[in-house]
Each structure stands twice: as C-alpha cells, then as structure tokens.
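Open the model in your viewer and keep the selection panel at hand. We will go stop by stop.

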Amino acid sequence: MHIGVLTGGGDCPGLNAVIRAVTASLINDAGARVTGIERGFLGLIERKSRPLDLASVAGIVNLGGTILGTHNRADPFHYFGAGGADMSSQVIAYIRELGIDALVAIGGDGTMAIAHRIASLGVPVVGVPKTIDNDLMHTERSFGFDSAVAVVAEAIGRLETTASSHGRVMIVETMGRYAGWIALEAGLAGGADVILIPEIPYDVEAIAALCRKRETAPGYTIICVAEGARPAGGQLTVAALLADSPDPVRLGGVGHVLREKLQPQLTSEVRTTLLGHVQRGGSPTAFDRVLATRFGHYAAQRVARGEFGGMVALQAAQCTSVPLEMVAGKTRTVPLDHPLLDAARALGVSLGH
Ligand code: F6P
C-alpha cells in the first residue's frame, strides 16, 4: 500500500503532529509506503513530492507549521497558475504515476471540498480537519484551535495590565473568518469585558455606553472582536479582495473601524491590537498535539481498513468519520443558543448589544 499525505490551506499548529501520526501508524501498523506531497494540492499540480519515513517524521510533534509546506489557493480544478484552468487530469495522472493508492488530505473546508472532487475522480481519500477557526462542520474540534485560543488569551492578559495602567480601552482583533469561536473562547479565557462575534451583530452605542461606565471604575475596558464581526445593519470589514482564491475576501481591520467609532464618544484613549498570524504560528499546545495524534492515527486506521470518502471528526469526544460531502465548503458558526454565550452573559460580559 502506498499512501500520499498533504497539508492544504492555511497552516496551523498541530499539522506536523498529524503527519507524524499518519506516517508512523501507516508504516508500523500497515507496512505501508508513505509519500509527502509538497505545498498541498500545488505539489500534485507541480509534481513535487518526497518519501516520508520514520526518520523524517521524528522530532516534529511539537513543531508549528507543516514540514510539507502548504498553499491556500492551489485548486487543481481552477489553477491560479494557469489562468484558472482545470488541471485535475494532470493531477490524477501524477497520482497514478507515483503509484499512490490513496490520499490523506489534512486541511480545512476548502481542502475538504477539493478532496471530495478528487475522490469523485476515483482517488480514495481520507480527510483530516485542521483550522484554528474551529469552523469545520460535524466535528466538535479541529486541532490548531486550542493553540490559537491560548495565544489570544495570553495576549488579552498582557493587554489588560497595560490597559489598566493607562486607563485605556483596548481592542484586540482575532482571526476566525465567519465564525466567532476564537474570539468567544479566548475572550472568556482572557477575561475580556466585551466579546464581539460574527454571529451577533454589535451596537456601537451600547459598547460606548459600557466603556463610559467603566471609565469611572475600573477605569479600563478590554474588547475582544472577531475579524468577521460587523455592526448591526453594517458590513464586514474587508482587508483585501482575492482573485483566484476559494475565499474571495481577506477579512481584517474591524478593530480599527470600531476604534474610530468609539473614540469620539469616550474620554479615555482607545487602542487596537491586531494579533494576525501570531495566532497561527508557533508550537501546538499539548491538547492540540494529542488531538492531532488521535486524528492522524484514526485516519491511518481508516486507510488500512479501506474506509474512504470521509473526514475524521470528533463527536462526543470520540473519533469518527463524516462523509466529505457533508463538510465540503460549509462553515460551522457559533449557534445562538450555545452555552458559552449564556455563560458570558451571566458573567456580565457584553456581547455588544
Ligand atoms: O482559516 C484560518 C485563517 O487564519 C483565518 O482565521 C484567517 O481569516 C485566514 O486564515 C488568513 O489567511 P491568510 O494566511 O491567507 O492571510
């Protein structure tokens, strides 16, 4: 058995832990041969791959990023490098030439969508969910999320000491695309006073009123805002329009927009920190290393049993599999009845309205 492994989309902490678990499990348990595809689906288009053995995956469990490299615009069905041409037949030819029997695709919703299309062309595929955004359908968790939340929570703690010293309103903007998971969990973990998520449009006047009240005591306010948050009746803040990308816009900058709206209404100074890619870099938390290891091992087991066409998922804290078509191109946002929203309200945390 010869298995190809690739990491697609944006990187996140824990990818190397999955590569290690998939590779070592396939070699040790199934006697398989493993090939790493470089830079996600780009490697299948540009014919770049290399063998993976036990030595090449040793010592990487704690390493951020991906040893295979990745690309978030390399769609073989619409290749940006060839004017949007369909390169899928060349990709299938390369897979056949390598003698790869099945593919393990580690990625987010875009990667799962491509994996699903490649599977429909006759390549057996197992998907593994990654994203710091935690927005993949039908899995309670994707690895990378815990690491991102830890970074943001720590940043909020650091911002709080300087906010209280200067009597400022500090806005911290998180990633997360159209889902508020990072802002919600990190905001709660970091003790933010206001948490703004895409699922609940915010009211600037209500936030300003709260900040004014807090100017008297305790004298400062921490606002944690997700990049996809928007005012009621208002628009998303778009940093850039992206051509040839599965996601047509890059979000970012809502923290600055909010600062401009709040500042004229407040006595205290309002400052914004965009955490950006700091949230995606660095070593995975122990939780993410374990989750990634479980996912990788489970993916290898499914490959060895010949169970294809699904994405590994965590449901009721157990590994399971869901059909790729149930995940491809979909987004799991924060449900409005989520218990963490109730908890936030009960704690007196404003959700922006
Ligand atoms: O999906 C992960 C993510 O980090 C999002 O939270 C963010 O909007 C996006 O990727 C940023 O992508 P890029 O690295 O292309 O700027």
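**Stop 1: a salt bridge**

Select D109 and R177 and show their side chains. They form a salt bridge, with the closest N and O atoms 3.2 Å apart. Bear in mind that this is a predicted model.

**Stop 2: the two domains**

Now colour by domain. Domain 1 takes in residues 2-143 and 284-326. Domain 2 covers 148-281. Their centres, taken over C-alpha atoms, are 33 Å apart.

**Stop 3: the interface**

Select the residues where the domains meet. How many residues of each domain are in contact with the other? Domain 1 contributes 15 and domain 2 contributes 16. Together the two domains bury about 1,300 Å² between them. Carbon and sulfur atoms account for 49% of that area.

Next, pick out R73, I132 and D133. This trio supplies 39% of the area that domain 1 buries against domain 2, more than any other three residues.

Turn to the charges and polar groups. The rule finds 5 salt bridges across the interface of domain 1 and domain 2. Residue pairs in polar contact between the domains number 7, counting pairs with both residues at pLDDT 80 or more. Which kinds of residue make up the side of domain 1 that touches domain 2? That side has 6 charged, 5 polar and 4 nonpolar residues.

**Stop 4: the ligand**

Around the ligand you will find N72, I132, D133, M175, G176, R177, E227, R250, H277 and R280.

- E227: a polar side-chain atom lies 2.5 Å from a ligand oxygen.
- H277: an N or O atom of the side chain is 2.9 Å from an oxygen atom of the ligand.
- G176: a polar backbone atom is 3.0 Å from a ligand oxygen.

Finally, show the ligand surface. Taken alone, the ligand exposes 400 Å², and the protein buries 79% of that.

Terms used:
Residues are numbered from 1 along each chain as its sequence is written. This is a predicted model: local features need pLDDT of at least 70, side-chain atom pairs count only at pLDDT 80 or more; totals for chains, interfaces and linings use all residues. Side-chain values use heavy atoms; hydrogens and water are left out. Domain bounds come from an automatic or database domain assignment. Contact means heavy atoms within 4.5 Å. Buried area is the accessible area (1.4 Å probe) that two parts lose on being put together, summed over both. A salt bridge is a side-chain nitrogen of Lys or Arg within 4 Å of a carboxyl oxygen of Asp or Glu. A polar contact is a pair of N or O atoms within 3.5 Å; within protein, one must be able to donate a hydrogen and the other to accept it, and residues adjacent in sequence count only if both atoms are side-chain atoms. Ala, Val, Leu, Ile, Met, Phe, Trp, Tyr, Cys and Pro count as nonpolar, Asp, Glu, Lys and Arg as charged, and the others, Gly among them, as polar. A residue is near a molecule or strand if one of its heavy atoms lies within 4 Å of it. Accessible areas come from the Shrake-Rupley method with a 1.4 Å probe; for residues, only the protein chains shown count as cover.
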